[in-house]
Every structure is written in structure tokens, then in C-alpha cells.
Amino acid sequence: MDLPRLSSADTEQLVRQAADGSPVSARVVSRIVRLSAGNPLFAESLVRLGGQGDGVAPRQIAAVLEERLSFLRPEDQRLLETAALIGYSFEVDYLAVLARMDVDDVYERLHVLFAAL
């Protein structure tokens, strides 16, 4: 399964929309585009933080992710943790083997999780 990242141009557009009319300097936009690496959740979170930080993604990003993941069932959390360990691209069959789940169940859970995002 390949989850494509946003392009730099798309991330910049998202940043400007998420700023909701507030001015965002080109330097801050560039930094958010770089730090978010095309991940829309990270980009939006960085906009809310005002582009603060020291060149690495802020701790608040981890807090946002932990908070969102806390609402998931434990088995879904483990499935997503396993997927994250594999990386950006993977075969669902491989994820099913590593997660020790039936491949049809993995497809079903991923469908539900993506719909919830």
C-alpha cells in the first residue's frame, strides 16, 4: 500500500489555507513544508503552532498523534504501529503477516481507519 505524500506545492497551499487568512511568511511556509515532509496532519499542526521550533518537528506533533491514536482500539493502534515500522510503502499481505492477522481483516480495519481520518 502506497500512501503518497503531498507535493511541496500542495503542502504550501494547505499551509496557507490552514492559516485561515493570517499572514504566514515565506520562511515559515518553507520550514513547515520541509518539516511536514508532505504529511497533512503535521503541516496543519505546525501552522497552529505558528511555525515555531528549532529545525525539528516539535514535541507537540507527537502529542497530537498520541491524542488522536488514544481514541483507537488497542488492536488498531498495534496495526498502525506495525505499518509505521514497515515504512511509507508496503504490501497489505506483508502487514497482515507481521500483525498476525487475516489479510481480509487488515483490509477492513485499514478501510475503517482511513475513513475515520
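1. Helices (H or I, at least four residues) and strands (E, at least two) are taken here as DSSP runs, numbered from the N terminus. On that basis Ala37 sits in the loop between H2 and H3. Ala37 has a positive phi of about 50°, although it is not a glycine. With a relative accessible area of 44%, Ala37 is partly exposed. The accessibility classes are: buried under 20% relative accessible area, exposed over 50%, partly exposed in between (1.4 Å probe, protein chains only).

2. The model is predicted: local features need pLDDT of at least 70, and side-chain atom pairs count only at pLDDT 80 or more, while totals for chains, interfaces and linings use all residues. Residues are numbered from 1 along each chain as its sequence is written, and side-chain values use heavy atoms, with hydrogens and water left out.

3. Overall content. The chain has seven helices and zero strands. Read from the N terminus, its elements run α-α-α-α-α-α-α. Of its 117 residues, 29% count as buried. Contact means heavy atoms within 4.5 Å. Among contacts with a separation of 6 or more, residues 24 or more positions apart account for 41%.

4. Main core. The largest nonpolar core has eleven residues: Leu14, Val15, Ala19, Val28, Val29, Ile32, Val33, Leu35, Ala43, Leu46 and Val47. A core of this kind is a set of buried Ala, Val, Leu, Ile, Met, Phe, Trp, Tyr and Cys residues joined through side-chain atoms within 4.5 Å. Helix H1 (8–18), H2 and helix H3 (40–48) each supply at least two residues of the eleven-residue core. H2 gives the largest share, five residues.

5. Val29 is found in helix H2 (residues 26–36). Val29 is buried, at a relative accessible area of 2%. Not counting residues up to four places away in sequence, Val29 touches Glu12, Val15, Arg16 and Val24. Val29 and Gln13 are 16 residues apart in sequence, and their C-alpha atoms are 9.4 Å apart in space. Leu14 is in contact with Leu6, Pro40, Ala43 and Glu44, leaving aside neighbours within four places in sequence.

6. H2 against H3. Two packed helices are described by the angle between their axes and the distance between the axes. H2 and H3 pack at about 145°, with axes 8 Å apart. Axes are lines fitted to C-alpha atoms, for helices over the stretch in contact, and angles run from 0 to 180 degrees between N-to-C directions. The crossing of H2 and H3 is right-handed. In the convention used, a crossing is left-handed if the near helix is turned anticlockwise from the far one by less than a right angle, and right-handed if clockwise. H2 contributes Ile32, Leu35 and Ser36 to the contact, and H3 contributes Phe42, Ala43, Leu46 and Val47. These contact residues divide into six nonpolar, one polar and no charged. The classes are Ala, Val, Leu, Ile, Met, Phe, Trp, Tyr, Cys and Pro as nonpolar, Asp, Glu, Lys and Arg as charged, and the others, Gly among them, as polar.

7. H5 against H6. Helix H5 (residues 74–86) packs on helix H6 (residues 92–99) at an angle of about 120°, with the axes 10 Å apart. H5 and H6 are therefore oblique to each other. Angles under 35 degrees count as roughly parallel, over 145 as roughly antiparallel, 65 to 115 as roughly perpendicular, and the rest as oblique. The crossing of H5 and H6 is right-handed. Leu79, Thr82, Ala83 and Ile86 in H5 meet Tyr94, Leu95, Leu98 and Ala99 in H6. The residues of this contact comprise seven nonpolar, one polar and no charged.

8. Thr82. This residue lies in helix H5. Thr82 counts as buried, at 18% relative accessibility. Neighbours within four places in sequence aside, Thr82 is in contact with Leu95, Leu98 and Ala99.

9. Asp20. The loop between H1 and H2 holds Asp20. Asp20 is not a glycine, yet its phi is positive, about 55°. Asp20 is exposed, with a relative accessible area of 68%.

10. Pro4. The segment before H1 contains Pro4. Pro4 is exposed, at 70% relative accessible area. Pro4 and Tyr88 are 84 residues apart along the chain, and their C-alpha atoms are separated by 8.0 Å.
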